[in-house]
Structures are given as C-alpha cells and as structure tokens.
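Look at the chain below before reading on. The report covers its aromatic rings, its inner cavities and the confidence of the model.

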Amino acid sequence: MCLECGCGRPGPTKIDGKPVDGHVHDHDHGHDHPHEHEHPHEHEHDHGHEHPHREIEVHQSIFAANDRQAERNRGTFLALNLLVLNAVSSPGSGKTTLLAKTIERLSPALRTGVVVGDLETDNDARRLRTTGAPVVQISTGTLCHLDAEMVSKAAAKLPLRELDVLVVENVGNLVCPAEFDLGENLRIALLSVTEGEDKPLKYPPLFRGADAVLVTKTDLSGPCEFDRGAALENLRRVNPKARVFELSAKSGAGMGAWCDFLRESRAALAASR
C-alpha cells in the first residue's frame, strides 16, 4: 500500500523547516540488490553425502518498530497528564479550521499544543499559531502519513509540561494514517458533508479505528444534498462504538458538544492517574 503512494520512496522529512533523521519504517524496498562477489578460489568439495535443508519462517510485523516508539510516546504523554488526539481525514475536510475554533473554545481552561503534518508548506501551522497555541510543523516530503518517531521528535519541541491537550493534525489521507499508532489517547476521524455519505464504507480501516467521528461542514448539507441518515447508518455499520459529533466550525453548531467531550476526556485522564 505505502509503496504505491510514495512511502517506499521517502523524501526529506523536516520539522519546522529543519531536516531530521529518517523515520521508523520496516518496509521491504520492493526490488533486488545485485551482489556479485568474486572469489579467488573455487569450492568443489564433494563430501559424498547431502546436507538436509530446513526452512525457518520468521514473522514480524512491519509496524513493530513504530509500535514500540508509539508505546514510548504513550508513556511520556501519560506521565505529563496530556490528552493526545490524532486527527485524521482527507484533504479539505476542515481539520485546520475545526482545530483553530476548538483551541479558542478550550482556552484558557485547557492549554492546547499542535503538531501539524503536511507533505509541503507550513500554511496550516501558521493559521493555527494565530490562536496563540504553540505549533510545530512536520513536512514529510513524499510520505503520506505521520509515524510515532516523527511525532516524538516534533513534540519534544513543544512546551509539553505547560499543556493539557496535544493535537496531532495528521497528513490529509484516508488510507495510510489509519495503520500507524502515534501513542495517542483518542483517534479522531473527520467526515465532511462535501465528501459524500459512503466514505466510511470505502475506507473502513480509518473509521473502524476511530474513537470519535466528526461530521464536519454541516452548514453545507443542503447545497451538497448530503444524506445524513445514510451517513450515520454507514458509520454505525463500520464502527457502532464511536462517538459521533455533527458540527460546523463556521457556524458554531455542535461545537459545544465536541468541546465538552474533550473536557470530559481530559478530566477522566487526570482522574485515572
């Protein structure tokens, strides 16, 4: 999957414009490396008997290294009493506008920091900094998702001890980000009314793994002829346990319930410690 979308050919990853070391991937390169070693002597030993051959299969998840880093991230965030969100959606679903409005509503009671992932540009990071929140930008080059090591390095540049909530705005993509644990407490999937009602059925891994689903841009439901009933039914079919919030960051409709959910989640995290 990642080999087709660009992850097999990683470009330079940058955090706030500065190159960083490679990220965690255990992907096969998908091609053979020729090795032609010349030996100065020949081996023609005939022992007169055959050696039995045994084939041993070693199975290891290609996500093993990422998962180990994710657990380290989770332990760090827990020690700091941080509620961490991994926000995932397609491009143009309204993540950045939603996050800006969310930060404003949570402030000053809950202090929020953001890690932003994009292939190029720091446009979203600059927009979010206008809220007064500390923001770190990850530019992934050709990579279509963030991984746990990227998040660890970026989060280290934030004043984590001064924060209550950390939001990771993942790269706009409905496929690969669903596979990578970042060490978050909650995975948040966005479904814009402009995308259609069938996205949960077309991209089930993302919506199946979500703790909450935000149906965004509801102020455009009429012009887009969005079938609300079909969308909610599709979400229930894929993930009946996810909390669903229908909202519009532009009009403010539904934002109160969403922010209450975050306050409750942060309070539950603090109480659990």
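## Aromatic pairs

How many aromatic pairs does the structure hold? There are 4 aromatic pairs; rings of Phe, Tyr and Trp (its six-membered ring) pair if their centres lie within 6.5 Å, and planes under 30 degrees apart count as stacked, over 60 as edge-to-face and the rest as tilted. One of them is the edge-to-face pair of F63 and F180, with 5.2 Å centre to centre and 90° between the planes. This pair links distant parts of the chain, 117 residues apart: F63 lies in the loop between β2 (18-19) and α2 (64-79), and F180 in the loop between β6 (165-169) and β7 (186-192). Helices (H or I, at least four residues) and strands (E, at least two) are DSSP runs, numbered from the N terminus. Both F63 and F180 are buried, that is, under 20% relative accessible area, against over 50% for exposed and in between for partly exposed (1.4 Å probe, protein chains only).

The rings of F245 and F261 have centres 5.1 Å apart and planes at 45°, so this pair is tilted. F245 is in strand β9 (residues 243-246) and F261 in helix α9 (residues 255-272), 16 residues apart. F245 and F261 are buried as well. Together with W258, F245 and F261 form one aromatic cluster.

## Cavities

On a 1 Å grid over the protein atoms alone, a cavity is a set of points where a 1.4 Å probe fits but cannot get out, and lining residues have an atom within 4 Å of a point.

Which residues line the largest cavity? Its lining consists of L85, A87, L98, L99, T102, V167, I188, L190, W258 and L262. Two or more residues come from each of β3 (83-88), α3 (95-106), β7 and α9, and α3 gives the most, with 3 residues. The lining has 9 nonpolar residues, 1 polar and no charged (Ala, Val, Leu, Ile, Met, Phe, Trp, Tyr, Cys and Pro count as nonpolar, Asp, Glu, Lys and Arg as charged, and the others, Gly among them, as polar).

## Confidence and method

This is a predicted model, in which local features need pLDDT of at least 70 and side-chain atom pairs count only at pLDDT 80 or more, while totals for chains, interfaces and linings use all residues. Residues are numbered from 1 along each chain as its sequence is written, and side-chain values use heavy atoms, with hydrogens and water left out.

The mean pLDDT (the predictor's confidence in each residue, from 0 to 100) of the chain is 84, and 78% of its residues reach 70 or more. Over residues 23-45 the pLDDT is below 50, and this stretch has 21 contacts in the model beyond near neighbours in sequence (heavy atoms within 4.5 Å). Where pLDDT is low, predicted coordinates should not be read in detail.

Definitions and conventions: 1 Å grid on protein atoms, 1.4 Å probe; cavity = no way out; pocket = protein on both sides within 12 Å on 5 of 7 lines; lining within 4 Å.
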